Amino acid sequence: ETIISIKDLRKRVIDPSVKEISKYTDISVSYEPIKTGRTVTDLIFSIEEKAGYQLTWDTILNQQERLGE
């Protein structure tokens, strides 16, 4: 059984994922950690559609280059 700290989970998984989803899609993602005392016990995610979002070829090409496609 592996225990991962919330700090590492946020730094390595959640923050990069939220940033990429918000950058490359027509939705905006954010989250809020909920603490009980000093311990993070929950994460509340908010997902909203971006108004007037338009996908451009530059965005598609940059994403393909980043993914190595």
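Biologist: Buried means under 20% relative accessible area, exposed means over 50%, and partly exposed is in between. As what does F45 count?

Modeller: F45 counts as partly exposed, because its relative accessibility is 43% and that value falls between the two cut-offs. Keep in mind that this is a predicted model.

Biologist: Okay. What about Y31, buried or exposed?

Modeller: Y31 is buried, because its relative accessibility is 17%, and the cut-off for buried is under 20%.

Biologist: How many aromatic pairs are there?

Modeller: The count is one aromatic pair. Y31 and F45 form it.

Biologist: Which parts does the pair tie together?

Modeller: Two strands. Y31 sits in strand β1, residues 27–36. F45 sits in strand β2, residues 39–49. So the pair joins parts that are 14 residues apart in sequence.

Biologist: Let's zoom out. How many helices and strands does the protein have?

Modeller: It has two helices and two strands. Starting at the N terminus, the order is α-β-β-α.

Biologist: And how much of the protein is buried?

Modeller: The protein has 69 residues, and 10% of them count as buried.

Biologist: Where is S22?

Modeller: S22 is in helix α1. It counts as buried, because its relative accessibility is 18%.

Biologist: What does S22 touch, leaving out residues up to four places away in sequence?

Modeller: With those left out, S22 touches I27, S28, V29 and K50. Two of those fall in strand β1's range: S28 and V29 are within residues 27–36.

Biologist: New topic. Where is I6?

Modeller: I6 is in helix α1, which covers residues 6–24. I6 is partly exposed, because its relative accessible area is 31%.

Biologist: Which residues does I6 touch, again not counting those up to four places away?

Modeller: I6 touches V40 and L43. I6 and V40 are 34 residues apart along the chain. Their C-alpha atoms are separated by 7.3 Å.

Biologist: What share of the contacts with a separation of 6 or more comes from residues 24 or more positions apart?

Modeller: Those residues account for 30% of such contacts in the protein.

Notes
Residues are numbered from 1 along each chain as its sequence is written. This is a predicted model: local features need pLDDT of at least 70, side-chain atom pairs count only at pLDDT 80 or more; totals for chains, interfaces and linings use all residues. Side-chain values use heavy atoms; hydrogens and water are left out. Helices (H or I, at least four residues) and strands (E, at least two) are DSSP runs, numbered from the N terminus. Buried means under 20% relative accessible area, exposed over 50%, partly exposed in between (1.4 Å probe, protein chains only). Contact means heavy atoms within 4.5 Å. Rings of Phe, Tyr and Trp (its six-membered ring) pair if their centres lie within 6.5 Å; planes under 30 degrees apart count as stacked, over 60 as edge-to-face and the rest as tilted.
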